[in-house]
Amino acid sequence: MSERSVPAAPRIPVATATGIGSMPGTDPREAATVVTGESGLPHLPELPGRGVGGDLIGRTAGLLVDVPVDYVHRTYRLAVAPTVETRRARDYLRWDVDAVEECWETGGLGGEHEVLKMQACGPYTFAAHVELRGGHKVIRDGGAVRDIAASLAAGLDEQAQDLERRLGVRTVVQVDEPSIGAVIDGTVTPLTRLDPIAPIPVPDLQAGLETFAAQVRRPMLLHSCAQPRWDLLAGLPSYAVSMDLTLLTERDYDGLGALLDSGRVLAAGVVPTTDPGQSRTELVDDLVARLQGLVDRIGLPRTVLRDQLLVTPVCGLAGASPAWAARALAVAGDVAEGVATL
């Protein structure tokens, strides 16, 4: 490996744990109580169980500035004027922020909880799922994609400013891009089979995401629960990376090694989203050993686990039981503590 360097970009907390975003149930106060109580890096909870406007795409639609979105035939579509779906998504987000603020005040948080993570769908996954008014996917129109990205960046900046003002925190912004592989491969579902959507070259996606990060103006974390696209990640120096480590094979070791060797932060998804039936101590010991073994096989010093690692569940916890969601975040914290003391 080359001489390791420290990245100039993300100020992401390390040697701690956080959630991916989604939580079970529909009560924002219950979710806020769990994430502020169990995570070293609390996050603004997402509650997709609330339905339209609470899911990843709908919630992100509520962040857009001057770009209304409707929900038509079970699909989100750009609209001419604000719609009930846009207003619902914004209401949900406001209630979630109110709940976190209440927990912050009643729990006396601050100091160790001086950073809060917020999440949204990334611009390319959003564009791959949302339709233009004519029925085609937004991703098909490069100009529309750029407009969506700029609108979302402005909305995230506004949301971050609101959180920073109300809670006195710094914010980290996570963007979820589970469909970016389909964008790269040209496999986004088109309006008709006779009108396929062309792939977008990786350098164009890298340039777009770097511009997006500069517009958001916060430490950035790029998340996907899909197989990592190392060619894409290598050219995104402004982003820490969040991934499901249980998906990795030996073929991924070079890519992961290069990412860590460059000094970038990794949010390591290792905690299961359903109860594996182990005691808390057994599970923590097992996950610590797995992380140790992984960096040993890659050939990096174990100090990277202390200096460059966040610990997370492998994916969102919307499908977990409330009891396991809380326990999973607690286990993630124990694992982070375990690897930080190596």
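Student: Which residues of α9 are the buried ones?

Tutor: In this predicted model, they are Tyr-253, Gly-255, Leu-256, Gly-257, Leu-259, Leu-260 and Asp-261.

Student: What makes helix α9 largely enclosed?

Tutor: Count the buried residues: seven of the nine in α9 (residues 253-261) are buried, so the rest of the structure largely encloses this helix. Those buried residues pack against α8 (230-233), β7 (239-244), β8 (266-271) and α10 (280-298).

Student: Okay, on to the rings. Why is the pair of Tyr-71 and Tyr-76 called edge-to-face?

Tutor: Check two numbers. The centres are 4.8 Å apart, and a pair needs them within 6.5 Å. The planes make 65 degrees, and over 60 counts as edge-to-face.

Student: What makes Tyr-92 and Trp-95 an aromatic pair?

Tutor: Their centres lie 5.7 Å apart, and the limit is 6.5 Å, so they pair. With 65 degrees between the planes, this pair is edge-to-face. Tyr-92 and Trp-95 sit three residues apart in helix α3 (residues 84-106), which means about one helical turn separates them.

Student: What lies over the face of Tyr-92?

Tutor: Arg-50 does, at 4.3 Å from the ring centre.

Definitions and conventions:
Residues numbered from 1 in each chain as written. Predicted model: local features only at pLDDT ≥ 70, side-chain atom pairs only at ≥ 80, totals over all residues. Heavy atoms only, no water. Phe/Tyr/Trp six-rings, centres within 6.5 Å; stacked < 30°, edge-to-face > 60°. Helix = DSSP H or I, 4+ residues; strand = E, 2+ residues; numbered from the N terminus. Lys NZ or Arg CZ within 6 Å of the ring centre and 35° of its normal. Buried < 20%, exposed > 50% of the residue type's maximum accessible area, 1.4 Å probe, protein only. Contact = heavy atoms within 4.5 Å.
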